[in-house]
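This briefing covers chain folds, local features and chain contacts. The sequence and structure come before the notes.

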Amino acid sequence: MMNFELMNSISKYFSDMFSGLLSLWAGMRVTGKYFISPRAIVTQQYPENRATLKMEERFKGEIIMPHDENNLHACTGCGICEMNCPNGSIEIITDRIPNAEGKPERVIDKHIYHLSMCTFCGLCVKTCPSDALAFGQKFEHAVFDRNNLTKVLNQPGSKIRKEIKK
Amino acid sequence: MSEEIRDVIIGESEDYIINIGPQHPSTHGVLRFEVCLKGETVKYLIPHIGYIHRGIEKMCEAITYPQIIHLTDRMDYLSAHINNEAVCLCVENALQVEVPERVKYIRTILAELNRLASHQLWWSAFGMDLGALTTFFYGLRDREKILDIFEESFGSRLLHSFVMPGGLMHDVHPNFQKRIKEFIVYFRKKLPEYDQLLTGNIIFQNRSKGVGLMSRETAIAYGVTGPSGRGSGWSCDIRKIAPYSAYDKVQFNEMLETDGDTFARYKVRMREMWESMNILEQLVDNIPEGDYTAKMKPIIKLPVGEYFQRVETARGELAVYIVSDGNKNPYRMKFRTPNFSNLFVMNTITSNYKIADLVAISGSLDLVIPDIDR
Amino acid sequence: MSSNNLYDFSKLTSSIHEWLLGMMSPNWVTFTELVLIGLLFLLFFALLGLFLVYLERKVCAIMQNRVGPNRVGKFGLFQTIADLIKLLIKELIPIRKSDAFLFNLAPFIVIIASLMAMAALPFAKGLQAIDFNIGVFYIMAVSSLGVVGILLAGWASNSKYSIIGAMRSGAQIVSYELSVGLSLMAIVVFSGSMQLSTIIESQANGWWIFKGHIPAFIAFVVFLIASTAEINRGPFDLAEAESELTAGFHTEYSGIKFAFFFLAEYINMFIVAALAATIFLGGWMPFHIGSWEGFNHIMDFIPPIVWFFLKTFFIIYLIMWFKWTFPRLRIDQLLTLEWKYLLPVSLVNIVFIAFLVLMGWHF
């Protein structure tokens with residue numbers, strides 16, 4: 001009986017060592033395989049590849065107000081985006097300007113957007129009744145002065161498109 | 001720690017106290033362990049939390065239900081979709097709104113993708129904690145494929161705020177199904193490599209077998225749900241106990257192990273990755289056409305009362321409890337987060353193990369600290 | 001059949017010796033030669049350290065599917081020089097209540113041990129600084145001095161983490177020296193001499209790892225594992241594990257003193273690899289296959305010093321491969337591995353080899 005246990009434990013000793021070494025070799029094969037295939041390198045060489053870098057079309061870089069070629073946008077100044085923003089990253093400043101018939105109507109003066117506070121939840125884009133806001137693709141926002149992160153989205157001298165209903 | 005406790009714990013003069021944290025070299029987050037050691041053996045461990053408390057539950061009392069979604073993203077950021085889904089399901093059940101089938105399928109697909117991505121990141125960080133630094137890069141390289149799918153449909157990689165009360169924020173990209181199928185084919189080839197590199201490795205097995213034993217009774221007593229609890233033999237998968245969304249339409253197994261040590265928890269998570277891929281395969285071709293949202297009022301007001309919903313995140317059971325007084329803001333919103341319960345079992349399962357085991361055990365529990373502190 | 005006279009360095013060294021003798025008295029000649037060789041070795045030491053650090057970063061990067069340093073200079077070749085300049089201009093933080101003499105002495109001890117060991121390595125025929133008749137024994141003895149430096153560093157730092165790291169490291173190094181010694185003894189038994197140049201000459205008809213078949217291969221594997229543990233690398237780097245407590249015994253060192261420890265680790269890796277290449281893989285002997293004359297002639301054309309470096313860098317690559325694939329061992333598992341597995345295997349191996357040599361059952 002003692003001999004049997006002894007032989008058993010000796011053979012277990014050697015088989016443990018051997019299977020342990022085999023498992024180590026299995027792991028080494030994985031890393032060795034990647035060592036000899038430099039084509040598997042997944043690093044993107046940014047910023048050298050800026051010219052060919054294309055983000056996805058729905059990429060959430062920042063909030064922009066798209067203007068067409070006549071410098072017209074779609075923002076009526078209703079303030080729904082300001083109400084829906086969870087942390088106050090949008091401030092709407094409106095003006096009352098007499099329209100074509102002479103009656104004073106509300107017009108957007110400044111659509112202030114605080115990029116430093118925005119959480120990119122997308123509620124302003126979704127709830128705008130005239131689809132005036134969209135997500136832009138620029139993502140390099142680092143600045144030296146924090147005030148440069150407060151942007152006015154409507155460009156100077158731009159007006160609302162005629163067909164947008166209020 | 002108060003002076004009285006300190007006197008009780010430090011019995012002999014050979015004991016000493018060290019701090020591990022709040023800045024970890026690993027990716028767990030800002031957490032501080034105050035460890036009382038005798039030589040190399042851990043005698044007592046006290047976690048100190050609160051370094052990333054942002055007051056999410058209090059903030060929820062001041063904003064409306066669609067606005068709460070972007071806050072739930074940031075609790076357990078590795079299962080962002082599932083957190084969103086919890087709040088949305090609670091609100092929809094309260095309002096008795098029936099979401100379209102398409103929404104249910106897409107929500108389940110997103111939840112499983114999130115679970116896969118979360119387990120991939122867990123595997124990377126776990127290997128790195130134990131010293132196998134290449135696992136970090138292999139896991140993240142494969143996770144990038146899932147994040148690319150997310151970026152194409154939602155625009156962001158980690159925090160999407162996509163699942164809204166009533167449905168989804170917008171429809172998914174037309175390439176969604178094709179890319180998921182490509183990913184499944186790719187990852188089925190890569191996952192055996194993970195086993196070759198880490199699971200079968202004798203050094204890894206010696207470091208994780210028999211380490212951090214958690215019995216089934218301990219798991220139930222502390223409420224350790226998720227893969228950590230299933231590693232001790234507690235069958236606690238909410239997807240089986242109280243199915244929601246499209247989980248009653250898919251066939252999948254709940255992975256259980258009975259050993260209760262670090263290696264068992266590891267095996268549970270690896271098998272869950274295979275199961276997630278099976279679920280994805282069953283769902284991805286059968287997404288019904290339809291609307292991406294049900295018709296909801298612009299201002300959501302829940303009727304007066306209390307509402308409760310549980311979901312299974314990548315780490316355990318997340319439960320949402322809303323008390324509403326009829327307004328558009330909730331009166332009180334409480335989250336029962338899985339990581340909070342998982343963390344406080346650390347003292348029981350780390351006693352009498354070595355300092356090197358502490359790192360392995362906390363890695364196997366897969367803690368995400370913002371979920372603890374909210 | 002062995003390396004032909006084209007690459008024999010002893011002609012060069014003796015001609016320099018003659019030239020110097022013509023200019024000054026023999027004692028001064030010895031002194032000048034020592035200074036020259038010392039300077040040469042220091043230069044080689046520094047350049048090799050720089051290159052090895054760069055090589056490790058590139059090798060580990062490719063294994064991890066990324067690029068590694070590639071911005072500082074073409075292919076990132078000047079990255080280590082930039083790191084060195086950064087370390088040189090860092091502030092040397094003195095520690096209160098530490099033993100200042102021992103604290104400053106520790107890095108130097110480690111460097112001195114490495115330099116002394118490197119002086120005995122045979123780079124090519126005739127290109128060996130010190131050729132003792134107890135070469136193997138000398139190298140082992142001198143590289144054991146390094147552990148004194150590590151223990152001093154941990155003790156003199158006056159910090160809990162440093163002491164823990166230094167004690168672990170000390171126990172580890174002292175244990176694994178046994179296995180290293182026994183596996184080297186295996187080849188000493190085969191070749192019958194401890195002098196390094198004799199061991200290399202005895203491999204003229206084939207490397208010992210082939211001639212000694214199974215027991216030599218076992219000794220080679222044991223040597224690789226044990227020496228990886230000796231140099232605190234790879235799966236045995238618990239003493240300086242970054243994701244555990246802190247950086248171990250060299251936590252409190254900054255600037256150039258830290259650079260010494262760092263450099264000494266890579267030079268130790270080179271010494272261990274060179275030793276393995278010399279004893280098991282034939283040193284500077286080219287790779288010959290039996291009686292394939294044409295093949296052997298082509299192999300002879302490659303200079304022996306190139307052969308030496310090729311073999312050394314192959315072993316260095318193996319050691320790096322170990323580090324980046326395996327998780328770390330815990331300290332008690334480390335010591336279990338040595339005392340319960342490696343040491344018995346080495347002892348049985350030595351007895352077996354002695355029996356083989358007696359019976360003449362090797363090539």
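Along its sequence, chain C reads α-α-α-α-α-α-α-α-α-α-α-α-α-α, that is, 14 helices and 0 strands. Helices (H or I, at least four residues) and strands (E, at least two) are DSSP runs, numbered from the N terminus. The model is predicted: local features need pLDDT of at least 70 and side-chain atom pairs count only at pLDDT 80 or more, while totals for chains, interfaces and linings use all residues. Residues are numbered from 1 along each chain as its sequence is written, and chains are lettered from A and ligands numbered from 1 in the order in which they are written.

**Chain C**

- The C-alpha trace of chain C spans about 65 × 55 × 45 Å along its principal axes.
- In chain C, 43% of the 363 residues count as buried. A residue is buried if 20 or more other C-beta atoms lie within 10 Å of its own, exposed if 12 or fewer, and partly exposed in between, with C-beta atoms placed from the backbone.
- Of the contacts in chain C with a separation of 6 or more, 79% are between residues 24 or more positions apart. Two residues are in contact if their C-beta atoms, placed from the backbone, lie within 7 Å.
- Helices α2 (residues 26-63) and α3 (residues 79-88) of chain C pack with their axes 9 Å apart and at an angle of about 115 degrees. Axes are lines fitted to C-alpha atoms, for helices over the stretch in contact, and angles run from 0 to 180 degrees between N-to-C directions.
- The crossing of α2(C) past α3(C) is right-handed. A crossing is left-handed if the near helix is turned anticlockwise from the far one by less than a right angle, and right-handed if clockwise.
- On the α2(C) side, L50(C), V53(C) and Y54(C) meet Q79(C), T80(C), I81(C) and L84(C) of α3(C). This contact of α2(C) with α3(C) has 5 nonpolar, 2 polar and no charged residues. Ala, Val, Leu, Ile, Met, Phe, Trp, Tyr, Cys and Pro count as nonpolar, Asp, Glu, Lys and Arg as charged, and the others, Gly among them, as polar.

**Chain A**

- Chain A has 3 helices and 7 strands, in the pattern α-β-β-α-β-β-α-β-β-β.
- The radius of gyration of chain A is 31 Å, whereas a compact globule of 166 residues would have one near 15 Å.
- Its C-alpha trace spans about 110 × 40 × 35 Å along the principal axes of chain A.
- Of the 166 residues of chain A, 19% count as buried.
- An open, antiparallel sheet of 3 strands in chain A has the order β3-β4-β6. Strands pair if DSSP finds at least two bridges between them.
- β3 (90-98) and β6 (150-152) of chain A are the edge strands, each with a single partner strand, so one side of each is left without a neighbour in the sheet.
- Strand β4 (residues 104-114) of chain A is joined to β6(A) by 3 bridges, and H114(A) has T150(A) as its bridge partner.

**Chain B**

- Strands β2 (residues 32-38) and β3 (residues 41-48) of chain B pair in the antiparallel sense over 7 bridges, with K38(B) opposite T41(B).
- The hairpin of β2(B) and β3(B) has 2 residues between the strands, and G39(B) in the turn has a positive phi of about 70 degrees.
- In helix α15 (residues 355-365) of chain B, 11 of 11 residues are buried. D366(B), with a positive phi near 55 degrees, follows α15(B).
- E317(B) lies in strand β7 (residues 316-324) of chain B and is buried, with 23 other C-beta atoms within 10 Å.
- Between E317(B) and G226(B) there are 6.4 Å from C-alpha to C-alpha, with the two residues 91 apart in sequence.

**Contacts between chains**

- Chain A puts 20 residues in contact with 20 residues of chain B. α1(A) gives the most to the chain A side, with 7 residues.
- By class, the side of chain A that touches chain B has 10 nonpolar, 6 polar and 4 charged residues.
- Chain C puts 18 residues in contact with 21 residues of chain B. The chain C side divides into 7 nonpolar, 5 polar and 6 charged residues.

Key
The radius of gyration is taken over C-alpha atoms; the globule rule is 2.2 Å times the number of residues to the power 0.38.
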